[in-house]
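This briefing is for a reader new to the structure.

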Amino acid sequence: MAQKYRIYINEKVILLTESTPHGVELYEKLDAETFDLKIIYTWILANPKKLFYIICKDAKAFLKTIKKSITLIEAAGGLVKNTAGHYLFIYRNDKWDLPKGKIEKDEKVKEAAVREVEEECGIKVSKLNEKICKTYHVYINRGDIVLKKTHWFSMDCKGKEKLKPQKEEGITDVRWFEKHHIEPIIDNTFPSILDVLHKEKLATNKLMPQ
């Protein structure tokens with residue numbers, strides 16, 4: 001099966017693909033030979049187009065090359081479900097989000113995912129399930145253009161602790177949402193979060209670049 005990866009820059013996406021994407025007329029093609037994420041970052045932000053793609057012989061290898069060319073920050077987080085079947089979301093920077101954070105030195109990915117969820121939401125994770133996916137997005141950190149790779153896991157929570165947003169991390173609200181009532185999330189979240197929800201069949205009505 002052909003590999004595909006999405007790299008997000010705000011609301012825009014660069015699709016790394018081994019075949020022509022669906023709805024190619026909506027995309028702008030980027031040249032794989034001259035591609036440099038650091039150089040093209042500001043150009044993409046200024047471009048009126050939202051969708052871009054690069055045809056690669058090996059998308060996984062191409063992504064690996066990009067990672068080597070830019071500062072990479074690794075993070076981990078989770079999509080938490082309680083015993084009532086409700087899902088946990090946080091509100092930060094005027095958007096709904098999922099709890100996540102930077103992996104600390106010598107910390108295992110799974111440990112970081114659980115720690116960040118518990119710290120940001122004030123809950124206790126009762127079970128860590130399988131990995132959902134990895135997402136990639138680019139932003140400026142202290143004047144440097146960086147690529148953040150986030151590992152996402154499915155998690156369970158049994159307790160009924162009072163939710164406590166980690167305000168020092170800019171989180172102003174933490175809330176449980178029923179599976180069939182997450183439209184406010186889908187309408188006001190980041191594209192990378194939609195990737196996670198789509199993988200878990202919570203945003204199937206939202207078409208992802210492919």
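Leaving aside its neighbours within four places in sequence, which residues is Thr-189 in contact with? They are Lys-95, Trp-96, Asp-97 and Leu-194. The model is predicted, and the points below are grouped by topic.

- Thr-189 sits in the loop that runs between α4 (183–187) and α5 (191–199).
- Thr-189 counts as buried because its relative accessibility is 6%, and the cut-off for buried is under 20%.
- A polar atom of the Thr-189 side chain lies 2.7 Å from the backbone oxygen of Trp-96.
- Asp-97, another contact of Thr-189, also takes part in salt bridges, which come next.

**Salt bridges**

- In the whole structure, a search finds 11 salt bridges.
- Asp-97 forms a salt bridge with Arg-92, where the closest N and O atoms are 3.9 Å apart.
- Asp-97 also forms a salt bridge with Lys-100, and here the closest N and O atoms are 3.1 Å apart.
- Asp-97 counts as buried, with a relative accessibility of 3%.
- Its two partners count as buried as well: Arg-92 has a relative accessibility of 11%, and Lys-100 has 14%.
- Lys-124 and Glu-118 meet through their side chains in a salt bridge of 3.9 Å, N to O.
- Lys-124 is exposed because its relative accessible area is 52%, and exposed means over 50%.
- A network of salt bridges links Glu-104, Glu-107, Arg-115, Glu-116 and Glu-119.

**Nonpolar cores**

- In soluble globular proteins, nonpolar side chains tend to be buried together.
- The largest nonpolar core has 23 residues, and those touching the most other members are Ile-7, Ile-14, Leu-16, Phe-35 and Leu-37.
- Strands that give two or more residues to this core are β1 (4–9), β2 (12–17), β4 (51–55), β9 (127–141) and β10 (144–157).
- The helices that do so are α1 (37–46) and α2 (59–68).
- Apart from this core lies another, of 18 residues, which includes Leu-98, Ile-132, Ile-193 and Leu-202.
- Ile-14, a member of the largest core, has contacts beyond its neighbours within four places in sequence, among them Ile-7, Phe-35 and Leu-37.
- Other contacts of Ile-14 include Tyr-5, Arg-6, Ile-9, Leu-30, Ile-44, Phe-52 and Ile-54.

Technical notes: Residues are numbered from 1 along each chain as its sequence is written. This is a predicted model: local features need pLDDT of at least 70, side-chain atom pairs count only at pLDDT 80 or more; totals for chains, interfaces and linings use all residues. Side-chain values use heavy atoms; hydrogens and water are left out. Helices (H or I, at least four residues) and strands (E, at least two) are DSSP runs, numbered from the N terminus. Buried means under 20% relative accessible area, exposed over 50%, partly exposed in between (1.4 Å probe, protein chains only). A polar contact is a pair of N or O atoms within 3.5 Å; within protein, one must be able to donate a hydrogen and the other to accept it, and residues adjacent in sequence count only if both atoms are side-chain atoms. Contact means heavy atoms within 4.5 Å. A nonpolar core is a set of buried Ala, Val, Leu, Ile, Met, Phe, Trp, Tyr and Cys residues joined through side-chain atoms within 4.5 Å. A salt bridge is a side-chain nitrogen of Lys or Arg within 4 Å of a carboxyl oxygen of Asp or Glu.
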